[in-house]
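Biologist: I would like to learn how to read a few features of this fold. Please take them one at a time.

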Amino acid sequence: MINSLCIQIKKQHTGENMDKLSQDIRNVSISFDLLTNVESSCLIKVGNTSVICKATIEETVPPFLRKSGMGWVTAEYGMLPGSTSERMRRESKQVGQSGRTQEIQRLIGRSLRVAVDRVALGERQIIIDCDVIEADGGTRCASICGGWVALKLATNSLVRSGQIKFDPIIRHVAAISCGIIDGEPKLDLNYQEDSAAWTDANFVMDDRGGLIEIQCSAEKKPFSKEEFETMFSMASKGIEKIVKIQKSALNE
């Protein structure tokens, strides 16, 4: 197993203008084998945002997939106490999750299912748990990027054990945020930048540049087609960098 492998991309601040910096991603690192009671786990750090992503394999599927021969991938997401400047209260399904939490975990699940040949996975379920331990913007995007790594490690274990014949992962999946701040496009927003953004967007894409999901909304004023296309172009380049980090971390 890979042990605490850390892959980093660092911003270079010297001699660069603001246009260049606005198109760069924050420092990204991925480390593995944090936990022993799950099939796979990783810690992804994007700037000051940190998310622990875990994968659990269950030899069962939701009722609507029984006897279908197809597997399922789903996700759960949460922000732990201490992850924000003011203590975040714990949420639970029994007590009730916020609408934001439900929306994010559904996004993560949808995004990761696109990465999998569910017939090749077989009639089993992989649950990806994404727990935010420090939040500084982009927690859903970091969860998707780290969740994909945890998913890949889990399917690798299924192949090694002979439970499935070949890897069901058919594409890399990554996500990144963009925004428009004071009329200028910006990639990979931290919390302060996100709070000030006129436009807020999240892009989920695969390693071939295919779009999986776009969330884009005007916060202060409408955005133009040209501004959207600029954010799309920036997101595409940012996701290319993240996919390279995923591949390097997994020795692909």
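Modeller: A salt bridge here is a side-chain nitrogen of Lys or Arg within 4 Å of a carboxyl oxygen of Asp or Glu. Side chains of opposite charge can pair when their charged atoms come close. This is a predicted model, in which local features need pLDDT of at least 70, side-chain atom pairs count only at pLDDT 80 or more, and totals for chains, interfaces and linings use all residues. Residues are numbered from 1 along each chain as its sequence is written, and side-chain values use heavy atoms, with hydrogens and water left out.

Biologist: How many salt bridges does the rule give?

Modeller: The count comes to nine salt bridges. One of them joins the side chains of Asp24 and Lys241, at 3.2 Å from N to O. The two residues lie 217 apart in the chain: Asp24 in the loop between helix H1 (18-22) and strand S1 (28-32), Lys241 in helix H6 (residues 225-249). Helices (H or I, at least four residues) and strands (E, at least two) are DSSP runs, numbered from the N terminus.

Biologist: What is the order of the strands in the open sheet?

Modeller: Strands of a sheet pair through backbone hydrogen bonds, either parallel or antiparallel. Two strands count as paired if DSSP finds at least two bridges between them. Here four strands form an open sheet in the order S7-S6-S8-S9, with antiparallel pairing. Strands S7 (184-187) and S9 (211-218) are the edges, each pairing on one side only.

Biologist: Which bridge partners can I look up?

Modeller: Strand S8 (residues 199-206) pairs with S9 over seven bridges; Asp200 has Ser217 in S9 as its bridge partner. S6 and S7 pair over four bridges, and the partner of Cys178 is Leu187 in S7. The hairpin of S6 and S7 has two residues between the strands, and Asp182 there takes a positive phi near 55°.

Biologist: At what angle do H2 and H4 pack?

Modeller: Axes are lines fitted to C-alpha atoms, for helices over the stretch in contact, and angles run from 0 to 180 degrees between N-to-C directions. Helix H2 (residues 99-113) and helix H4 (residues 139-160) pack at about 40°, with axes 10 Å apart. H2 is therefore oblique to H4: angles under 35 degrees count as roughly parallel, over 145 as roughly antiparallel, 65 to 115 as roughly perpendicular and the rest as oblique.

Biologist: Which residues meet there?

Modeller: Contact means heavy atoms within 4.5 Å. Among the residues that meet are Ile104 and Leu107 in H2, and Ile144 and Trp148 in H4.
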